[in-house]
Amino acid sequence: MNSLSSASKPVENYVEHPKTLAELRAGIVAGTTKAADLAASYYERIAQKNPRLNVFLSLTKERALAQAARVDDAAAKGDTLGPLAGIPVGIKDVLVMRGAPATAGSKILQGYRPPYDATAVAKLESAGAVLLGKLNCDEFAMGSSNENSAYGPVRNPVDTERVPGGSSGGSAAAVAANMAVATLGSDTGGSIRQPASFCGVVGVLPTYGRVSRYGLIAFASSLDRVGPFASNVRDAATLLTVIAGHDPHDATSSPAPVPDYAAESDKGAERLRIGVPAEYFAEGLDPEVRACIETGIAALQASGCTIKPVALPHTKYAVPVYYLIATAEASANLARFDGVRYGPRSKDSATLSDMYRHSRDEGFGAEVKRRILLGTYALSAGYYDAYYLKAQQVRRILAEEYLRAFNEVDAIVTPTAPTAAFKLGEKTGDPLAMYLADIYTVTASLAGICGVTVPCGATKAGLPVGMQVLARHLNESTAFRVARAVERG
Amino acid sequence: MTARVTVEEVQRVAELAHLELTPEETPRTLNDLNAILDYVAELNELDTSGVAPLAQVSELLDRADGGMLRDDHVQPSLDRAEVLSQAPETDGVFFKVPKVIER
């Protein structure tokens, strides 16, 4: 059944497809599936696969099994169960869970046990989800390959010699290998969409403010989003419905009502106007990826969408704008990691400033230091106007360009990434080459709009390709409808 | 905006960021920063005079709720003992750090 092939040694493949959320939940409601058994079977699969894939950093078994028992009791009594009753879910290790390790993939938070739950995590559990554990990621979500984790890289379940993408590599790989039915990740410049594309799963970038950031360890606060991964579009939509909504703990969270995104996604894509920006199909796009996306666009046309070109001429400036703004915000956000309130403190420092410096030096990895330095430089006296202010001005140009395009079309489709998953170690020596892996995702991050990445074919070597479907602010329903049509093919 | 970063500037920025750079790390950091700054210099092609900076996107969302600020009243917060239990050194009330003032 598996048609993967390789020139030399055989590809090591861990891909396995979970049942749909609706199927699993129906079994739990009927009592034919016990949530406790389901959780146990997922922990078994994790025990088998994790030594090779390095997807989970820690497990929260006690909490998971207690929740599964509650769900089974409620089912036995015939109580109404939540939309995620008994569903095994994994959490990216940048979202806090009370009492569980929260490393953010960094040594600087080793041993930290946060005293509260992130809002998105608490909402999942209230809906009945069973939280299996914490998922590996690039340190402080900074990276596009998961190779910046202080706890070792995740391997791509499709081909273990390749990266899963980043920074939410563990979240994407867990779903691809069926080590969780669904997961949460975070996306600042593409960190949900690009790994979802590399691992062949669905990933959602909700509108900025759609999901509370409370309990998300901050990277770049004006860009950070929390969003779900699942094996199919409808399941991802169900998860977003659960985690979305206003939160008094996050002043940037939107008060807009939350629709039933799964039901919205059932509406079909007929008569929707789909924009295709030539700028996302220019030099640098792998020809095999292009062919997959063109096939996906043809499928949309066949299902009744109107396809039309849109112009996004400033696209090429998005990566420089993104790296200036994200690093500037990161340099401020990461100032809090200083050996005073959490995480390890460097021993034998006579003065406070030595203690700060040594604790940070021992705790942060190379990419995090590089970004803090770049961000500090861009914000420093004499350079602020030339770099940070300039980047914010171009950010407005980019955002308005998208808004203008959405006057003409309902959704915009692009490749999610310029290539399929690359090899481990292929780009680690060249930070700029790594940054360009985000070339198709950062603009939506800067503009605050929403999107879904959906599997859209594979290369000849069997590597998954993802199509990015973007929609205007708070218009996730449209993105889900289009993604469903791509999924149907 | 195409200024070359110097060793002195890298060291000053590291100091501002409370980061330590070893003598071996400094030249590599210098190269990386210059490469990235050369790349972002592309933004100079754009005339942005008269364009207001966009710090965050809420203003694009046309919010009809009249602002996002909550009412200001006292609410329970995290338990002090639980929070302090995560710190490297405390006296039960305050975080403790190495001596700041020499005398």
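## A right-handed unit at one end of the sheet

A crossover between two strands is called right-handed if, with the strands pointing away from the viewer, the path from the first strand over the helix to the second runs clockwise. In this predicted model, strand S7(A), helix H9 (residues 287-302) of chain A and strand S8(A) make a right-handed β-α-β unit. The two strands of the unit, S7 (residues 273-277) and S8(A), pair in the parallel sense over five bridges, and within this pairing Ile274(A) stands opposite Ile307(A) of S8(A).

Thr306(A) belongs to strand S8, which covers residues 306-310 of chain A. Thr306(A) counts as partly exposed because it has 14 C-beta neighbours inside 10 Å, whereas a buried residue would need 20 or more. Apart from its neighbours within four places in sequence, Thr306(A) is in contact with Arg273(A) and Ile274(A). The C-alpha atom of Thr306(A) is also separated by 6.3 Å from that of Arg271(A), a residue 35 positions away along the chain.

## The whole of chain A

Chain A contains 16 helices and 11 strands, and its C-alpha atoms fill a box of roughly 65 × 55 × 55 Å along the principal axes. A compact globule of 489 residues would have a radius of gyration near 23 Å, and the 21 Å of chain A agrees with this.

Buried residues make up 62% of the 489 residues in chain A. Among the contacts with a separation of 6 or more, 76% are between residues 24 or more positions apart, as in the contact of Thr306(A) with Arg273(A).

## The order of the sheet

Strands of a sheet pair through backbone hydrogen bonds, and they do this either parallel or antiparallel. In chain A an open sheet of 11 strands, with mixed pairing, has the order S1-S3-S2-S4-S6-S5-S10-S11-S9-S7-S8. Strand S1 (56-59) and strand S8 of chain A stand at the edges, and each has a single partner strand, so one side of each is left without a neighbour in the sheet. From one strand to the next, the twist averages 30°.

Strand S5(A) runs antiparallel to S6(A), to which two bridges join it, and here Val202(A) stands opposite Ala230(A). Strand S5(A) is also antiparallel to S10(A), through three bridges, with Val204(A) opposite Val452(A).

Helix H7 (residues 233-243) of chain A lies across S4, S5, S6 and S10 of chain A, and runs at about 145° to S6(A).

## The side that touches chain B

Chain A brings 59 residues into contact with 45 residues of chain B. The elements of chain A that give two or more residues to this side are helices H10 (318-333), H11 (352-363), H12 (366-379), H13 (385-405) and H14 (431-435). Helix H13(A) gives the most, with 12 residues. By type, the residues of chain A on this side divide into 33 nonpolar, 14 polar and 12 charged.

Note on methods. Residues are numbered from 1 along each chain as its sequence is written. Chains are lettered from A and ligands numbered from 1 in the order in which they are written. This is a predicted model: local features need pLDDT of at least 70, side-chain atom pairs count only at pLDDT 80 or more; totals for chains, interfaces and linings use all residues. Helices (H or I, at least four residues) and strands (E, at least two) are DSSP runs, numbered from the N terminus. The radius of gyration is taken over C-alpha atoms; the globule rule is 2.2 Å times the number of residues to the power 0.38. A residue is buried if 20 or more other C-beta atoms lie within 10 Å of its own, exposed if 12 or fewer, and partly exposed in between; C-beta atoms are placed from the backbone. Two residues are in contact if their C-beta atoms, placed from the backbone, lie within 7 Å. Two strands pair if DSSP finds at least two bridges between them. Axes are lines fitted to C-alpha atoms, for helices over the stretch in contact, and angles run from 0 to 180 degrees between N-to-C directions. Ala, Val, Leu, Ile, Met, Phe, Trp, Tyr, Cys and Pro count as nonpolar, Asp, Glu, Lys and Arg as charged, and the others, Gly among them, as polar.
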